[in-house]
Amino acid sequence: MSKPTILHASIGRDTYKTSLQTDDHQLIGDEPPSSGGTNLGPDPYEFILAGLATCTAATVRMYADRKAWDLEKIDLSLSLQVEKLSGTQITHIQREIQFFGNLSEEQTQRLLEIADKCPVHRLLTHDVKIVTKEVKEEKDIPTNS
């Protein structure tokens with residue numbers, strides 16, 4: 001198993017504004033006003049898309065750099081839509097990638113294949129098991145003060 005990635009989250013009485021803390025970063029998650037939030041940060045689905053976009057871009061960049069290909073820039077646009085069916089749901093993620101640089105058609109096709117190999121893409125397309133448990137004692141949560 002890989003080393004665990006840890007994130008701490010906390011919400012008080014602010015409607016949906018959630019403080020998020022990683023080892024090195026503080027973030028805010030929220031919901032848009034149409035959902036009762038104050039729009040102070042990305043919503044949960046936007047965080048999922050951000051993780052996929054960041055991982056895709058870094059994976060493709062790393063591969064192109066190793067191959068010494070002339071890839072100047074990568075632009076990504078992602079969207080997520082949940083389709084509710086009778087008793088179940090399907091999540092559709094659309095990922096559009098634009099490559100800038102002097103690339104052959106073969107190189108472009110290979111970069112599209114590499115995009116599907118990023119770790120977050122694999123996480124989202126394979127089995128995920130989530131274990132939820134209550135913690136009774138108060139934990140020390142790191143803060144960047």
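**Starting at a helix end**

Mentor: At the start of helix 1, a side-chain oxygen of D43 comes to within 2.9 Å of the backbone nitrogen of Y45. This is a predicted model, where local features need pLDDT of at least 70, side-chain atom pairs count only at pLDDT 80 or more, and totals for chains, interfaces and linings use all residues. Residues are numbered from 1 along each chain as its sequence is written, and side-chain values use heavy atoms, with hydrogens and water left out.

Trainee: Which residues of helix 1 are buried?
Mentor: L49, L52, A53, C55, T56, T59, V60, Y63 and A64. Buried means under 20% relative accessible area, exposed over 50%, and partly exposed in between (1.4 Å probe, protein chains only).

Trainee: And what do the buried residues of helix 1 pack against?
Mentor: Strand 4, strand 5 (88-102), helix 2 and helix 3 (119-125). Contact here means heavy atoms within 4.5 Å. Helices (H or I, at least four residues) and strands (E, at least two) are DSSP runs, numbered from the N terminus.

Trainee: What does L103 touch?
Mentor: W69, D70, L71, T108 and L111, leaving out residues up to four places away in sequence.

Trainee: New topic: where does A68 sit?
Mentor: In the loop between helix 1 and strand 4. A68 isn't a glycine, but its phi is positive, near 60 degrees. Most residues other than glycine have a negative phi.

Trainee: Is A68 buried or exposed?
Mentor: Exposed, because its relative accessible area is 67%. Y16 also has a positive phi, about 75 degrees, but counts as partly exposed at 42% relative accessibility.

Technical notes: Polar contact = N/O pair within 3.5 Å; in protein donor to acceptor, adjacent residues only side chain to side chain.
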